[in-house]
Structure formats: structure tokens, C-alpha cells
Amino acid sequence: MRFDTVWTNATLATMAEGGPWVIAGGMVGAVAGKIAYAGPAADVSFEADKTVDCAGRVVTPGLIDAHTHLVYGGNRAAEFERRIAGVSYEEIARAGGGIVSTVAATRAASEDELIAQSLPRLDALIAEGVTTIEIKSGYGLSLEHELKALRAIRALGKARDVRVVPTFLGAHTVPAELKGHPGAYIDLVCDEMIPAVAGSRLAVNVDAFCEGIGFTPAETERVFAAARAYGLKIKIHAEQLSDLNGAALAAHYGALSADHLEHLNADGAAAMAKAGTTAVLLPGAFYFTRETRLPPVQMLRDAGVRIALATDCNPGTSPLTSLLLAVNMGATLFRLTVQECLAGVTREAAFALGLQNEIGTLEAGKACDLAIWEVGDPAELVYRIGFNPLHTRVRGGR
């Protein structure tokens, strides 16, 4: 076989389903930016324009952060002080803080300022081997400012060599000017924002925060119906603080993912499994808000639901820009296995974004997005804390 580039003498953590997921003495061969071969080097003879000796290093698919709110203005350090003094996130939100305070800072920032503030956060994730990232809007809460945020999200993907998946989260909370009138705001989201977002092609997904301090299931369903009418895919924030059966609702609409899920019930898990909706667990938010109710990991396993992990990078509940730390938290806080944790930021994260046919595993036909690590055992990527062993990041074979 002939390749453009070959990475050989590697320990491959392919993350592929079926068969061994770790291959010693492995190699990856790329042609035109896609993987043409990934497997034992002894099983193939080849020629290549360029050969890279990985010296036994672990090679994984490029990491995927499948849930972030990376683009926002300002920060919420003052609220953090209140929370560590004992005030709950819900109390802060009901008192006019929380998301609403970030909305004010985001509205006040120009598009260029949002890009400038967001790039360091994106760069931190890229430096840990992230090659694909989902970024949500949701801090504009008006047509003008939501479109501004989505343009900034798109611009980040042009400013850096990273695949950006933009998600419209207009149904994040009710803006101050419509406080007490969630129905009127949902009218705006469904009748004006979603058509404009779809028409501009600034987002591929629509998300909603279905929660007591967010939107009711009925309001959320209106958003989903509008999204589906405009050909946009669906995601949901559900069952983080209470059980409103949001995950089951999202599954009914064929959602790509339901995220958070600490209060998920068995019917919701069964509905997700039937629909192929991925669970995206967010240990950074669990840790940062000092939650005590764990997501029902065994229930998800038993139901056959795919489990992804993500940073939930956001200013209020998870100001986390390390996907490797999220991986460790997935193991230490949620008791996921090493394989589940690594699959959670590769293969399963790809499913959460509907990109499983393009990225997430080291298999022929997938994009040649690789992370090459200065470790000899994949478990080290989960075990270490505050340690970034990235040796080389490869995106599209480069």
C-alpha cells in the first residue's frame, strides 16, 4: 500500500468497537487527510512519502469536546465566591445572577472582543489534543446577539485548525427584558431566531435547557419542533437539578445527545437507548457546583446508552479548559473505566455530535485526526492530574 504519511512503531488506542482496542506495534497510514490503514504494522507492506517513528508512544484519535459554552464575555468569579460560601447555583440564578449576568457581558462585547476572549480557552483545549469541539451560543438571548455569538463561534474554526460544531442555545434562559414571560421568549426563539439561524447556516444543532430554572418540557418541545421543521439536529440539557423527563422528550425527537443527567430515571435511559441518544456526562460541572447526586452510570450501561464526557466549559458552573482533567474526573467521580473515559472523548463524543462516520476512532475512512502522547499506556491519560503529555497533534493528516 502507498500512503502520504505513516506513523509507525506506535501503541494504538483505536477506540474501535469490536476486537482489541489497544494494538502494540501499530501504525496509521494516511492518504489525502484520511486514514487508509490503522492496525498492526506487521500486517501490511507499504511505501510512504513520509514516515514518522512514534517510538512506542500511544496514539489515540484526536480528542473531541462534545459540550462547551466557550464563547462568552466576562467571568463569574464573584459568584464562585458566593457559592463556596454556601449559596446554591439555583439561589444565585433566581436572584438575577447566573446566566443572566453573563448575558449582559456578552451583549456588551463586540464580535471581535468575543473572539479574542475565547481564543485562549480554545487554545488550551487544542494544546491537549482536541481536534473537534462543539461550541454553543446562549449568552445573547436576542436575535442580534445570538447571531453575533454564532459568527464568533464560526470564526474560531477559521482562526485555528480545529473542527468546530456550532450549536444554537437560544433556549438557555429568559432574558431580563422578558423576565416572567417565558412563553413570549420561546415565541421569539421559535418564530424568529431558529429561522434566522437556519437561513444563515450558522449552526447545525439546536439545544435547550429543560429545567426548573430553565424551560418546561412543553416549552422545550416547541423549540424541538421548530428545530426539526428547519432541519436542525437536537440536543438537550436535561435532568441536571431535577427530573422533568427532558431526556425522554429529547429522545422522542431523535436527539443526538442528552447532557448532565444526574436525575435521569430508568424510563429516560430506555428512551435514550431506543433513539440512539448519547449521554454526555459533565463531571466539571458536578465538581464545581459541589453536587452530590451522581449520574446513574450503571443504569446507562445496563440500558445500552453510549456515554460521552465533555468539559462543559462555561463561566458559571464549569470554567474548565482541560479535557484531560474531565477524563480523570469521569473516572474518579463517576467511576467510569479507563476505556469508557477515553471512548467518552473520542468515539462516543463523535456519536454525540452525529459525526461517528467521520471521526472518533482510528479506522480506515475516518479523518486522520490523531493525538500522539508521551506515554506508553493509555491508562496514563486517565490516571495523571495536571499533566499534559501531548507530543504531537495531527489534524487531517497534517
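Select arginine 395 and aspartate 161: their side chains meet in a salt bridge, 3.4 Å from N to O. A salt bridge here is a side-chain nitrogen of Lys or Arg within 4 Å of a carboxyl oxygen of Asp or Glu. Arginine 395 sits in the segment after strand S15 (390-394), and aspartate 161 in the loop between H5 and strand S8 (163-171), so the pair ties together parts that are 234 residues apart in sequence. Helices (H or I, at least four residues) and strands (E, at least two) are DSSP runs, numbered from the N terminus. Arginine 395 counts as buried at 17% relative accessibility, while aspartate 161 counts as partly exposed at 37%. Buried means under 20% relative accessible area, exposed over 50%, and partly exposed in between (1.4 Å probe, protein chains only).

Some ground rules before moving on. This is a predicted model: local features need pLDDT of at least 70, side-chain atom pairs count only at pLDDT 80 or more, and totals for chains, interfaces and linings use all residues. Residues are numbered from 1 along each chain as its sequence is written, and side-chain values use heavy atoms, leaving out hydrogens and water.

Select arginine 163 and aspartate 369, joined at 3.1 Å, N to O. Arginine 163 is in strand S8 and aspartate 369 in the loop between helix H14 (347-352) and strand S14 (370-373), so this pair ties together parts 206 residues apart in sequence. Both arginine 163 and aspartate 369 are buried.

Now pick glutamate 111 and arginine 151. The closest N and O atoms of this salt bridge are 2.9 Å apart. Glutamate 111 is in helix H4 (residues 111-126) and arginine 151 in helix H5 (residues 143-159), 40 residues apart. Glutamate 111 is partly exposed at 25% relative accessible area, and arginine 151 is partly exposed at 36%.

Next, select Glu17, Arg306, Arg347 and Glu348 together. A network of salt bridges links them.

**Stop three: charges over rings**

The arginine lies over the face of phenylalanine 351, 3.7 Å from the ring centre. A charge sits over a ring if NZ of Lys or CZ of Arg is within 6 Å of the ring centre and within 35 degrees of the ring normal. Then show arginine 384, which lies over the face of phenylalanine 387 at 3.7 Å from the ring centre.

**Stop four: ring pairs**

The structure holds six aromatic pairs. Rings of Phe, Tyr and Trp (its six-membered ring) pair if their centres lie within 6.5 Å; planes under 30 degrees apart count as stacked, over 60 as edge-to-face and the rest as tilted. Select tyrosine 185 and phenylalanine 215: centres 6.3 Å apart, planes at 25 degrees, so the pair is stacked. Tyrosine 185 is buried at 0% relative accessibility, and phenylalanine 215 is buried at 2%.

Move to phenylalanine 224 and tyrosine 253. Their ring centres are 5.8 Å apart and their planes at 55 degrees, so this pair is tilted. Phenylalanine 224 belongs to helix H7, and tyrosine 253 to the loop between helix H8 (246-252) and strand S11 (257-260).

**Last stop: zoom out**

Show the whole protein chain. Look for 15 helices and 15 strands. The C-alpha atoms fill a box of roughly 65 × 40 × 40 Å, taken along the principal axes. Buried residues make up 58% of the 398 residues.
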